[in-house]
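Hi,

Here is the structure I promised to pass on. Have a look at it first, then read my notes below.

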Amino acid sequence: MESKLNGIDMAGWSSTQTIGEVIARSLRGAWRASPPPLELTEVELESISPFLLGSGAGPLAWWRLRNSPLKATPPAIALHDEYREQSLYAALRESEVFRLTSLLETAGIESLVVKGWAIARLYPEPGLRPSGDIDLIVSPAAFERARELTKGFASPWFGVDLHAGGNESTHAVRADGATFDDLLERSSRVTASDRDVRVLGPEDSLRVLCFHFWRHGAWRPSWLCDIAVALESRPMDFNWDLTLGKNPAADWIACALGAAHRILHARIEDTPVAVRAKNLPAWLVPTIYKQWATPYPEQHAPPESVRYVLRRPDRLGRAVRARWVDPIRATIEFDAPFNSLPRLPFQVGNYVRTGARYVARRAKGS
Amino acid sequence: MNKNDHPRARKDGLIIQPMGNELVVYDTNAKHAHNLNATASQVWKLCDGKRRVSEIAQVARRELHQPVSKQVVWYALARLEEYGLLEGSVTVPEAVAGISRREFLTKFAVAATVVPVVKTMKIPGPAQEGSTLQCGDPCSPTGFPTCPERCPCAFCDDTGPFCSDCL
């Protein structure tokens, strides 16, 4: 094992498992009120804690550690502190979600909260999940008006990511034929602190989480925990046809659920994906583990624009490397299946295609 | 009803989040955040303006399964008042007023796990993955995390970097 991994000192690492595998072990069942006992050495915990903290999975790891012999060790204390901080963010985010949805409602705009707060409420405590942007879906007709209103929203802590719901192929919604009215009809009303907020229905939410996970190269362990908690807390009348049925990318969803089972031991019995979960392509799980060894958001940020880099030749090498995508994102970008074929052709193809698009755009003068 | 004997928790302007048996509280007026440990949280929750200090101690003992004495409750009230989490003020008995945690532990032979703790937390800044701009807004060239993911920060022309997808 190299002495430094992504700038983190790995001296003393003696596990036969990779960092990603040990991270997975620390998070199994962490979304449950009573997670299974944690078997982790102090050296392993010390080694993975920077990765957990960097990726936002610290609170989940603390949830498993809190009743273990390791709970008073320095890395566990740091994870506990992260849990406190995220609990604070969770409270602030809920307050801002109410304020934002009320603002839109006053203007006659219906909205659906997706990911973030909507998923955090499924966990035993909302602070277990890192807080980020507030993601909202509104109807295409109301999108511009909603956008103007949210510009004046000015939260000191959270950005707002608005999406036009229905017939939009962006990963955030992947309605795949459903209109906004369809999403609204299937949505759930959540009451908290005497306020009512609409969240995406469980079938649509699970689909969005799976696409989101793949779209970003599966680099964040907490996203797989989101899939696990959404899967295990699905209602008795969960309609798998709405999540999988007509969806051309149903196998991507099945593989995401399969990954949650294989890596985090999420329960998939009595689901249509149980068989697929046991037949994931050999490259997929190791790739996810490898992604988990790059825990910092800036490691996955969009690359700097070519025009900018051309003025800064010292950044050219970095820009070239930054455009080489991982096997998962290459598969998604090409709308390709998760099968046993090598991923290198998709990665090369994606690289060439990105360059060709840029050249074409420059030729058009844009 | 004597306010001093029947303390009341402040609720106005506070955002409260339970976490296990602790609480995090954000004071929207003072722009401060506090973490209350299990004992401090329990005492605060029991300050309903109707319970006497002795009743608070009795209930807290039962709820926490810990030896919570009246002195522990007074100590908690002193800390809570210090951080603006009580309505009005309380007059803490001289024996408890102004003493440090260490002195309190020694003087009253209280277990460290029982001592009420109210800690100020770092004032939260923008959440880590928050993007605060919209597509078309100016941004910084290194971009992250100011733009929405569907339109990262890019130079599309010579007027400056904007959130755009012209990569």
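Start with A:Asp335, which sits in the loop of chain A between helix H16 (327-333) and helix H17 (344-364). Keep in mind as you look around that this is a predicted model. The phi angle of A:Asp335 is near 55 degrees, a positive value in a residue that isn't glycine. Is A:Asp335 buried or exposed? Its relative accessibility is 58%, and the cut-off for exposed is over 50%, so A:Asp335 counts as exposed.

A:Asp270 is another one to click on. Its phi is near 60 degrees, again positive and again in a residue other than glycine. You'll find A:Asp270 in the loop between helix H11 (250-264) and helix H12 (274-277) of chain A. With a relative accessible area of 75%, A:Asp270 is exposed.

Next, the aromatic rings. How many aromatic pairs are there over all chains? The count comes to 15. One of them is A:Tyr89 with A:Phe158, an edge-to-face pair with 6.1 Å from centre to centre and 70 degrees between the planes. This pair ties together distant parts of the chain: A:Tyr89 belongs to helix H4 (residues 74-106), while A:Phe158 is in the loop between helix H6 (143-151) and strand E5 (160-164), 69 residues apart. Both A:Tyr89 and A:Phe158 are buried.

Now compare that with A:Phe213 and A:Trp214. Their ring centres are 5.0 Å apart and their planes are at 50 degrees, so this pair is tilted. A:Phe213 and A:Trp214 are both buried too. They also belong to one aromatic cluster, together with A:Trp283 and A:Phe338.

Chain B has some charges over rings. B:Lys11 lies over the face of B:Trp44, 4.3 Å from the ring centre, and B:Arg79 lies over the face of B:Tyr75, at 4.7 Å from the ring centre.

Finally, zoom out to chain A as a whole. It has 17 helices and seven strands. Its radius of gyration is 21 Å, close to the 21 Å that the globule rule gives for 366 residues, so chain A is as compact as a globular protein of that length. Its C-alpha atoms fill a box of roughly 60 × 55 × 45 Å along the principal axes. Buried residues make up 58% of the 366 in chain A. Of the contacts in chain A between residues at least 6 apart in sequence, 69% join residues at least 24 apart. As for the surface, chain A exposes about 15500 Å², and carbon and sulfur atoms supply 53% of that.

Cheers

Conventions. Residues numbered from 1 in each chain as written. Chains lettered and ligands numbered in written order. Predicted model: local features only at pLDDT ≥ 70, side-chain atom pairs only at ≥ 80, totals over all residues. Heavy atoms only, no water. Helix = DSSP H or I, 4+ residues; strand = E, 2+ residues; numbered from the N terminus. Buried < 20%, exposed > 50% of the residue type's maximum accessible area, 1.4 Å probe, protein only. Phe/Tyr/Trp six-rings, centres within 6.5 Å; stacked < 30°, edge-to-face > 60°. Lys NZ or Arg CZ within 6 Å of the ring centre and 35° of its normal. Rg over C-alpha atoms; globule rule 2.2 N^0.38 Å. Contact = heavy atoms within 4.5 Å. Areas by Shrake-Rupley, 256 points an atom, 1.4 Å probe, with all protein chains shown as cover.
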